[in-house]
Amino acid sequence: MWTRKASFTFTGGIALILIGMMITNNQMMILGLTLITFIVVNSWVSGHGDIEVQRTLSADNLYKGDDLYVELLVTNRSNRRTQLLDVYDNIPHEMKLRSGLNQMRLNLRPGESARIRYVLRCPLRGHYSIGPVSLRVRNTFNLGVEDMYVDHHSDIVIFPQIKEVEEAFLRSRTPKMYTGATTLRTPGQGSEFYSLREYVPGDPFKNINWKAFARTGDLMVNEKCRDAVTDLYILLDSRDVARIGTVLKNPLEMGTVSAASLAAFFLKRRDSVALGIYGDGLAYLPPDTGDKQYFKILSSLAGVKPEGSMPLQAVTNSLSGRFSRGSPVFVISSCEGDGTVPAAVRDLVGRGHEVTVLSPSSIDFERLVSRIPRMSYEVLKLERQNRLTTLAGSGAQVIDWMPDMDLSQAIMQVRGF
Amino acid sequence: MAGEVDPQSDVSLMGGRARTLHLKALRKQWQIITLQVVSTIALVWMYLEVVSTYVVNSIDHTMLFDSLESLVGEVPIGDWLIGSGRTGLARFYVPIVLGLGLGGSMALMAFQSPRVQQRIKLGFIVTLMVLLIGRLVLTWIPSMLFSWDLRAPSESELKTLEWPLLMILSLIILFIYLLPVIMGTRGIWGLSRRSIGWAIGFTLLFLGIHAILTFPLIKTQLGDWGSNLISLESQVSDPTVGIFGFDLVTPEQFSLILIAVLIMVFQESGFGVIRYLEYAYRLPESCKRDPEYVRQMDNVLNGHLRHTAGFLTVTGLVTMIALGFHSVLLEVVRTSTGSQWAAQVSESIELSLTYGLVISALLFLSLVALLRFFVPWQRVWGLIESMTNKQPEPVKEKEF
């Protein structure tokens with residue numbers, strides 16, 4: 001494609017030729033002809049050689065706030081120079097350049113490579129894709145420009161931050177709760193051997209005891225002792241109202257951080273953690289333990305978006321049947337715009353669950369972005385206080401989480417209710 | 001985890017000291033200086049070509065100074081400075097050196113701090129004022145004080161203004177004549193796009209005005225003065241300049257092609273330097289120190305130098321061939337048909353005039369442009385480059 005300069009040069013050349021012809025002036029005509037020749041000669045060389053792009057990331061998964069090191073290797077695979085080539089690596093707008101630059105102007109010889117290295121800061125959780133790589137080939141004299149892409153993407157997941165949670169603050173009033181895994185002498189999911197039994201269809205092949213099969217001729221499977229772990233249920237509110245506040249500080253962001261931190265804390269103790277995210281619909285991860293579950297939970301939390309208006313009662317109605325008896329339930333919600341929260345909490349408490357409501361203060365988040373008159377703020381605050389008191393009266397432990405408060409600090413409040 | 005991006009270890013640092021893309025270092029790089037020198041040479045050469053074609057012995061500054069001297073008396077600038085008494089192009093040698101010096105000084109001033117610039121400008125204005133009215137004030141005011149009489153300056157006192165006024169007028173005349181050189185030099189070395197634009201614009205403006213004034217209708221209206229203007233013949237004479245033994249263009253045409261090509265060399269080199277320095281300036285600190293960026297900047301500058309030499313030479317040659325293409329067409333018509341009509345056409349004066357010349361040149365250029373679709377230039381360039389370039393050493397992979 002011609003640049004503005006090329007268009008002006010061509011138009012100028014034609015104009016000079018025409019004017020020169022009109023006034024029979026050789027200088028004008030020859031100047032015009034030379035300008036046209038310049039364009040014609042430059043049009044012989046266009047495009048670039050065969051470019052290969054390879055991107056290396058320092059990690060595929062990162063925690064919010066971490067730095068990502070990116071290296072882009074651009075190689076000229078053709079037998080000719082690339083000419084003046086601007087290489088630009090497209091990065092998600094949520095990420096910020098911390099060091100280096102995601103672009104370079106280069107002119108690679110055949111077979112030559114160039115490395116573009118830069119560091120990105122990832123301030124927001126989510127699923128991101130770096131790429132494609134934009135290439136802009138320029139004529140040396142800036143007469144022609146050609147834009148193209150190398151469709152090379154690198155996917156990256158930014159997990160929510162994990163905050164340290166102190167054990168003392170999460171101690172339950174119920175004995176033997178949150179004590180981690182203990183082996184029971186009953187068959188079930190676990191790690192220690194319990195007995196051999198005959199294979200029944202549906203048993204996983206990995207449990208087949210091949211030695212016993214060789215010895216007896218019948219398929220036998222290993223049964224394990226059941227690990228008695230605490231099943232912990234986390235219900236995260238991702239409704240549209242959870243977006244109140246700034247991009248970095250809002251109830252949903254704080255909710256994801258707390259859910260991730262609690263999950264990390266309990267999974268480290270070999271407890272089973274389940275996650276329910278409700279907003280537009282309900283996404284539920286059944287309780288499980290281990291690193292795989294940890295990764296699943298973080299991945300789910302990374303992709304959470306504020307949308308929908310599903311009430312908590314609908315969630316508890318749908319899930320309470322699956323909850324293990326007496327297991328603790330964490331509800332992370334601002335409790336705004338959902339009149340079913342007290343009923344849902346009452347229902348869970350009635351079923352014998354120990355319910356903790358971690359409630360980011362949405363009014364205070366709103367104050368970060370808009371000015372609320374003092375009187376209105378006081379009234380709204382009082383309404384919220386009443387709502388939380390009602391929840392506490394239902395038998396739940398309620399935590400009023402202020403925007404500037406750390407998670408550990410917030411959990412300390414449990415004692416107050 | 002996070003830290004600065006370190007310089008890459010696989011790039012050797014020359015002379016044990018890392019090269020960077022800081023402007024201070026980049027301005028001393030040989031490619032940048034070469035481009036600036038090429039641009040300056042093109043500017044001076046273009047100026048000399050223009051003045052030798054249109055100005056010398058026609059409307060040059062020495063003739064203007066002669067007219068001025070005959071009207072108001074001796075011009076206070078020395079003849080050796082303005083080139084009076086010399087013949088031909090030699091009249092311009094010293095003024096060009098002065099213009100280059102002035103342009104260079106202005107470029108140098110552009111790199112001083114605003115405070116220093118302000119002081120220099122103030123000093124210049126004060127000097128100019130002292131030069132203009134200094135002698136008058138020094139004679140007139142003491143005379144009034146001694147005689148204790150408030151009066152207007154006398155004729156003899158006013159005569160002291162004559163020399164400085166003539167001096168300033170002479171300097172202004174020289175400045176206008178040398179404007180392309182002064183502004184061009186300032187633009188090239190002071191990295192000013194506007195100044196380069198001024199230099200080109202002024203040259204084109206001069207050519208345009210000259211073209212209009214030499215238009216036969218207007219020229220006849222200008223009388224004696226108009227007859228002094230040099231106008232090039234519109235009818236093409238026999239070509240004497242060419243390549244590989246083929247005579248393609250007349251010396252006049254060659255001179256005009258040279259002016260056009262030199263304008264482009266000046267423009268592209270001057271703007272190129274500014275463009276690359278701007279790019280380097282905008283790079284963040286870590287990139288300026290990154291040897292990879294330094295290496296690529298070298299590649300880009302070398303490419304620019306190669307293309308400036310190659311493409312603009314080819315442009316000149318193709319223009320020459322295009323201008324000589326009409327004779328090829330005439331020859332083809334003459335030899336291929338042999339009919340009476342063909343002979344008449346081939347001897348037709350229109351074909352030798354500008355119209356025929358330009359149309360045949362444009363026809364040739366169209367054919368050359370169409371070659372793009374028939375000749376695989378990319379492969380040709382690739383072949384040439386692969387033959388001329390050494391393969392670089394393989395880059396050692398660096399792992400995180």
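Predicted model: local features only at pLDDT ≥ 70, side-chain atom pairs only at ≥ 80, totals over all residues.
Figure 1. The crossing of α2(A) and α13(B) is right-handed. On the side of α2(A), the residues that meet α13(B) are A:N26, A:Q27, A:I30, A:L31, A:T34 and A:F38. Their counterparts in α13(B) are B:Q253, B:L256, B:I257, B:A260, B:V261 and B:M264. The contact of α2(A) with α13(B) comprises eight nonpolar and four polar residues, with no charged residues.

**Figure 2. The contact between the chains draws on 56 residues from chain B and 53 residues from chain A**. On the side of chain B that touches chain A, at least two residues come from each of α10 (193–213), α13 (251–282), α14 (285–288), α15 (291–336), α18 (354–374) and α19 (377–388) of chain B. Helix α15(B) gives the largest share of that side, 14 residues. By class, the side of chain B that touches chain A holds 34 nonpolar, 17 polar and five charged residues.

**Figure 3. Strand β3(A) pairs with β1(A) and with β7(A)**. Strands of a sheet pair through backbone hydrogen bonds, either parallel or antiparallel. Strand β1 (residues 51–57) of chain A and β3(A) pair in the antiparallel sense, over seven bridges. The pairing of β3(A) with strand β7 (residues 113–121) of chain A is likewise antiparallel and extends over nine bridges. Residue A:T75 of β3(A) is the bridge partner of A:E52, and A:T75 also stands opposite A:S113 in β7(A). Strand β3 (residues 67–76) of chain A is largely enclosed by the rest of the structure, because seven of its ten residues are buried.

**Figure 4. Six strands of chain A form an open sheet with mixed pairing**. The strand order is β17-β16-β15-β18-β19-β20. Strands β17 (282–288) and β20 (397–401) of chain A are the edge strands, and each pairs on one side only. Neighbouring strands of this sheet are turned against each other by 15° on average, with direction ignored. Within the sheet, strand β15 (residues 231–237) and strand β16 (residues 272–278) of chain A pair in the parallel sense over seven bridges. Residue A:L232 stands opposite A:V273 in β16(A).

**Figure 5. Helices α4(A) and α7(A) lie against the strands of the sheet**. Helix α4 (residues 251–268) of chain A lies across β15, β16, β18 (329–332), β19 (355–360) and β20 of chain A. The direction of α4(A) is at about 170° to β15(A). Helix α7 (residues 341–350) of chain A packs on the sheet and touches β18 and β19 of chain A. The direction of α7(A) makes about 155° with that of β19(A).

**Figure 6. Helices α3(B) and α8(B) are roughly antiparallel to each other**. Helix α3 (residues 61–72) and helix α8 (residues 162–177) of chain B pack at an angle of about 160°, with their axes 11 Å apart. An angle over 145 degrees counts as roughly antiparallel, which means that this pair belongs in that class. The crossing of α3(B) and α8(B) is right-handed. Residues B:H61, B:L64 and B:V72 of α3(B) make the contact with B:L166, B:I173, B:L174 and B:Y177 of α8(B). Of the residues in the contact of α3(B) with α8(B), six are nonpolar, one is polar and none is charged.

**Figure 7. Chain B, with residue B:I384 in helix α19**. Chain B has 19 helices and two strands, and buried residues make up 29% of its 400 residues. Among contacts in chain B between residues at least 6 apart in sequence, 70% join residues at least 24 apart. Residue B:I384 counts as exposed, because it has 12 C-beta neighbours inside 10 Å. From B:I384 to B:K24 the separation is 360 residues in sequence and 36 Å in space, C-alpha to C-alpha.

Definitions and conventions: Residues numbered from 1 in each chain as written. Chains lettered and ligands numbered in written order. Contact = placed C-beta atoms within 7 Å. Helix = DSSP H or I, 4+ residues; strand = E, 2+ residues; numbered from the N terminus. Nonpolar A, V, L, I, M, F, W, Y, C, P; charged D, E, K, R; others polar. Left-handed = near helix turned anticlockwise from the far one by under 90°. Buried ≥ 20, exposed ≤ 12 C-beta atoms within 10 Å, placed from the backbone. Pairing = 2+ DSSP bridges. Axes fitted to C-alpha atoms, helices over the stretch in contact; angles between N-to-C directions. Parallel < 35°, antiparallel > 145°, perpendicular 65-115°, else oblique.
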